[in-house]
4 protein chains.
Amino acid sequence: MSLYFSALMDTQPTEAVEILANRYGKARIRLMHVTRNGARHEVRELTVRVLCEGEFESSYSDADNSQVLPTDTMKNTVYVLAKKHGIGAIERFGRILGEHFLTNSQAASKVEVEIEEQPWSRIEVGGKPHGSAFLSAGAEHRTARVVTTRASCTVEAGLANLLVLKSSASSFEGFLQDEYTTLKNTSDRIMATSMKATWRYDASELAYDVVWAGVRRSILETFAEHVSKSVQHTLYDIGKVTLETFPQIAEIHIVMPNKHCLPVDFQRFGMSNDNDIFVPTDEPHGYIEARLGRTN
Amino acid sequence: MSLYFSALMDTQPTEAVEILANRYGKARIRLMHVTRNGARHEVRELTVRVLCEGEFESSYSDADNSQVLPTDTMKNTVYVLAKKHGIGAIERFGRILGEHFLTNSQAASKVEVEIEEQPWSRIEVGGKPHGSAFLSAGAEHRTARVVTTRASCTVEAGLANLLVLKSSASSFEGFLQDEYTTLKNTSDRIMATSMKATWRYDASELAYDVVWAGVRRSILETFAEHVSKSVQHTLYDIGKVTLETFPQIAEIHIVMPNKHCLPVDFQRFGMSNDNDIFVPTDEPHGYIEARLGRTN
Amino acid sequence: MSLYFSALMDTQPTEAVEILANRYGKARIRLMHVTRNGARHEVRELTVRVLCEGEFESSYSDADNSQVLPTDTMKNTVYVLAKKHGIGAIERFGRILGEHFLTNSQAASKVEVEIEEQPWSRIEVGGKPHGSAFLSAGAEHRTARVVTTRASCTVEAGLANLLVLKSSASSFEGFLQDEYTTLKNTSDRIMATSMKATWRYDASELAYDVVWAGVRRSILETFAEHVSKSVQHTLYDIGKVTLETFPQIAEIHIVMPNKHCLPVDFQRFGMSNDNDIFVPTDEPHGYIEARLGRTN
Amino acid sequence: MSLYFSALMDTQPTEAVEILANRYGKARIRLMHVTRNGARHEVRELTVRVLCEGEFESSYSDADNSQVLPTDTMKNTVYVLAKKHGIGAIERFGRILGEHFLTNSQAASKVEVEIEEQPWSRIEVGGKPHGSAFLSAGAEHRTARVVTTRASCTVEAGLANLLVLKSSASSFEGFLQDEYTTLKNTSDRIMATSMKATWRYDASELAYDVVWAGVRRSILETFAEHVSKSVQHTLYDIGKVTLETFPQIAEIHIVMPNKHCLPVDFQRFGMSNDNDIFVPTDEPHGYIEARLGRTN
């Protein structure tokens with residue numbers, strides 16, 4: 001018998017064990033929704049995760065499943081609610097799911113729904129968007145995270161995998177140096193990042209699609225126009241512009257890995273270094289993140 | 001000592017070993033090229049693989065490295081030639097690389113260069129494309145494969161990860177059935193695929209960019225408009241249209257995995273099945289491929 | 001000019017923005033360390049992430065880099081400290097790194113170091129472990145997370161990607177049912193999971209390697225011997241046995257995705273269902289997690 | 001209407017299109033097989049791909065599905081045949097599948113079955129292997145490729161993702177140099193590779209498991225003991241030992257990417273370079289492959 005497992009059989013544990021936190025649910029629920037208005041279809045592709053927290057301790061400690069709604073049911077429910085209510089903005093769909101699971105699971109006190117949307121665009125035929133043929137709009141996706149409790153509902157929107165690059169107006173100079181610093185000051189470098197941003201709304205009800213599109217546009221334009229002295233500097237101004245432009249947003253959290261593009265040294269080959277040829281790298285990468293809010 | 005390795009020490013091998021084929025080179029050489037015309041920059045991102053074939057047997061059998069140009073040198077060379085000649089069409093850059101390595105490696109008789117281009121688009125600011133800020137144009141990439149020998153040069157162009165979907169005009173009926181067939185005929189299904197297509201040009205010199213853009217457009221439009229009776233059927237018509245439209249193309253090879261979208265069964269929940277909610281799946285997937293050419 | 005970015009130029013923002021949290025550092029620093037004791041070598045492969053928190057607001061809001069130790073320096077430092085001090089247990093190496101960065105960055109008040117170790121085993125030759133030839137010991141890795149502040153040091157150890165499966169003694173019955181529940185009670189199923197566990201030590205100094213190996217053994221043995229009534233149930237007993245066996249551990253956090261193996265329905269083919277052939281799936285998957293501690 | 005697609009409507013194509021090659025089937029069919037001998041279970045996990053070639057042109061050019069066995073049926077069949085015949089050696093299972101599909105599809109003239117086996121080992125409890133609890137045996141997998149025609153059957157066995165490393169007895173010197181060569185000769189380096197090897201058997205019937213285990217052992221021992229002057233050199237000797245030891249093998253094909261471990265330069269920090277700290281890298285990587293056979 002197991003040396004360790006036999007501990008469970010001991011009649012007198014010297015010390016009791018406590019569940020400090022727990023949650024369970026279903027992840028990677030994938031859904032494709034097609035709406036047909038005659039020849040003009042809409043397609044929406046989502047990946048959903050539902051997690052419930054609450055009075056589930058006995059399912060862990062006593063193998064009491066009586067309060068455990070199966071994660072398979074959660075999956076079924078996502079499909080049924082999509083059919084009943086449509087998708088709409090993913091923030092809205094997240095709220096519908098959260099409310100449903102609180103209703104159908106007495107033990108749950110908090111439901112977290114995370115939704116990623118994989119965007120599709122229309123294929124153009126003869127210069128016109130086709131009604132029912134679609135092309136992936138890329139690896140970037142829109143995200144929502146809705147946390148519903150019996151007393152409140154928190155809605156976060158976001159985007160992930162926003163892969164952007166600027167080839168001008170990016171420097172990094174005047175940094176702290178110690179005995180292991182070999183990096184040189186640079187007044188002109190490439191800045192590339194795969195941005196993830198999430199922002200929390202003040203209200204749970206608003207024009208999600210409109211605001212989301214505005215924030216995305218704001219992030220892209222600020223990134224493009226910013227005269228950057230560091231990734232931190234650019235991240236901050238992106239957050240600042242977003243908060244100043246969208247009063248609906250209470251807080252924004254931005255993660256900007258620095259996907260370094262290393263200049264190739266051509267002097268080894270008797271050629272000049274002209275800051276034109278780089279090696280893009282995935283690892284190691286810088287990691288910069290911050291959460292910005294409003295001063296009271 | 002190793003039971004097996006000691007075989008090498010045997011003075012009298014009962015049977016001799018022959019090298020039937022061999023090649024070597026460098027893969028995943030990543031390159032970012034920035035061209036600056038004042039405030040308007042161009043960025044190009046490539047991933048290159050160079051493989052050489054030829055009289056390299058002695059490097060294997062006799063550890064004779066005297067004819068082995070290091071793969072590290074191949075990597076350096078990709079950067080140097082990009083600087084010297086620019087990139088241009090990736091087919092052209094592949095030809096430059098192939099010719100160079102044949103020249104610099106006497107033992108090489110054949111050089112295969114494969115290039116993937118990761119496309120970037122411009123970020124729009126105030127509705128206008130920015131000069132030096134870019135957004136990834138998605139997971140789709142353009143490909144080239146150039147095979148250069150001392151006598152000839154073969155140029156293939158292509159695209160990969162072209163993720164497309166059509167929600168109408170796709171059926172699959174009248175197929176062969178045996179005792180393990182459970183699939184039902186369907187007159188209306190989603191067809192989704194991540195297409196890979198490569199085509200070989202008749203001539204090595206042509207307007208690569210123009211033709212490539214035309215072929216991509218042709219593939220997308222044919223996919224969109226086709227009334228599909230199977231993936232095979234659509235694949236064929238895509239190939240046929242391409243060959244009929246572009247006389248420069250001698251052959252086209254298309255791979256279309258069938259990324260099944262499975263309809264959710266709502267009758268289990270007392271609801272109707274309306275062909276509106278699907279589960280997109282990655283595995284298992286259908287796999288359909290064909291190579292099409294011209295009848296002599 | 002950007003509609004949004006111009007907001008930054010406004011002289012009188014109506015509302016000020018505040019940095020609520022921030023951190024920065026370097027991720028995916030990869031390191032291979034070889035120790036040579038004559039013909040017997042040791043190899044260790046690590047991937048390190050270093051993140052600093054502290055008085056870095058001005059680098060965001062004022063582009064003041066004077067307190068910013070470059071992430072490139074962090075990378076260099078990981079290599080230098082590995083050379084100076086060796087690796088030892090990764091928990092120990094994490095502490096050395098944490099202390100170093102607090103010393104070399106006045107602005108930092110907290111340093112989080114995460115280390116993953118990719119294990120290597122020895123190739124056996126003639127039944128004996130070779131001195132300098134190694135085989136990957138699999139996708140599972142050992143992890144450490146060390147958080148160092150000017151006042152304290154918290155050490156967490158862990159493992160990730162522990163892919164395990166049991167083909168007996170796993171049931172799931174008596175669960176809550178609602179109108180969308182289609183799952184059947186099952187008294188005999190496959191349970192498969194890719195476990196991630198992390199545990200926090202009471203003390204920062206202890207025999208890390210010995211305890212880690214004991215915890216891993218305990219997790220595996222408990223998983224194997226447990227008569228499971230749910231993933232929750234097994235997770236709990238794994239945590240309980242660990243806490244009861246290892247007094248050095250204050251808390252343990254376990255994540256067990258349920259990688260469903262779906263029985264194939266053979267009745268469709270006139271054959272019996274014998275619970276012998278399954279479809280392993282990656283998505284959707286159950287997600288079960290809990291954090292366990294000691295009752296005071 | 002599409003500019004391109006309308007080409008299909010032309011009544012008089014100037015040139016006809018021909019299908020030069022085609023095949024179709026199902027990929028990523030995943031299967032877990034459990035055999036229960038009392039308390040001692042065996043688990044086998046496979047991923048299967050089935051591709052058929054033959055007289056399928058009309059399914060492409062005329063949308064005639066009457067000879068097309070659905071790929072969904074292929075998937076079902078893999079499960080049914082696993083149940084009827086068990087798995088046994090994957091080479092054997094591949095032959096059963098190949099023969100079945102030739103029988104059930106009149107149009108097929110050639111069936112290619114590729115099988116990957118993901119290995120599981122037993123969890124040890126109290127030092128003894130458990131009967132029904134398993135631990136993934138790593139990312140390495142065993143492979144088989146069986147090509148069945150109406151006249152013949154070719155069986156290839158193999159392994160993939162064999163991640164190995166040697167920290168001694170590896171040099172690379174005396175190589176060809178040109179104006180872009182910066183690599184230095186090295187008499188002592190790390191050699192790391194993720195090997196893929198496939199070998200073709202002379203006979204279709206043999207003790208697959210025994211031979212496979214012998215070949216794997218031979219590859220590992222030869223890799224370990226070899227005094228390597230290049231990746232090519234080691235690859236060759238691995239192939240040579242295999243062919244000399246296993247007369248059942250007609251040919252072996254080996255791919256050895258060179259996963260470079262780059263020495264860190266410590267002289268920049270006033271420290272000595274002792275060949276002890278390396279940066280393991282995934283890209284770019286060397287790529288070396290060869291196919292070896294027997295001299296007639």
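Hi everyone, let's start with one residue pair: L165(A) has F134(B), in β5(B), as its bridge partner. That pair belongs to a strand pairing in which β7 of chain A, residues 153-166, runs antiparallel to β5(B), with three bridges joining the two. Please keep in mind that this is a predicted model.

So what does the rest of the contact between chains B and A look like? Each chain brings 59 residues to the contact. About 5,000 Å² is buried between chain B and chain A, and carbon and sulfur atoms give 61% of that area. On the chain B side, the residues that lose the most area to chain A are M32(B), K83(B) and L165(B), together 14% of what that side buries.

Six salt bridges cross the interface of chain B and chain A. R30(B), for instance, forms a salt bridge with D282(A), with the closest N and O atoms 3.2 Å apart. Which element gives the most? That would be α4(B), with seven residues. By class, this side of chain B divides into 30 nonpolar, 13 polar and 16 charged residues.

How are the two copies arranged? Chain B superposes on chain A by a rotation of 180 degrees with 0.0 Å of shift along the axis, at an RMSD of 0.0 Å. The two copies are thus related as by a two-fold rotation axis. If you want to find that axis on screen, look for G138(B), whose C-alpha comes closest to it among the residues of chain B, at 2.0 Å. And because 100% of the interface residues of chain B are also interface residues in chain A, the copies meet through the same surface.

Let's turn to chain D. Here 93 residues of chain D touch 93 residues of chain B, and the buried area is about 8,300 Å², 58% of it from carbon and sulfur atoms. Six salt bridges are counted between these chains. R30(B) shows up again, this time with E283(D), at 2.7 Å between the closest N and O atoms. On the chain D side, β1(D) supplies the largest share, 14 residues.

β1(D) also pairs with a strand of chain B: ten bridges join it to β12 of chain B, residues 285-294, and the two run antiparallel. Within that pairing, E289(B) stands opposite R23(D).

Notes. Residues numbered from 1 in each chain as written. Chains lettered and ligands numbered in written order. Predicted model: local features only at pLDDT ≥ 70, side-chain atom pairs only at ≥ 80, totals over all residues. Heavy atoms only, no water. Contact = heavy atoms within 4.5 Å. Buried area = accessible area lost by both parts, 1.4 Å probe. Salt bridge = Lys/Arg side-chain N within 4 Å of Asp/Glu carboxyl O. Helix = DSSP H or I, 4+ residues; strand = E, 2+ residues; numbered from the N terminus. Nonpolar A, V, L, I, M, F, W, Y, C, P; charged D, E, K, R; others polar. Pairing = 2+ DSSP bridges. Least-squares fit on C-alpha atoms with pLDDT ≥ 70 in both.
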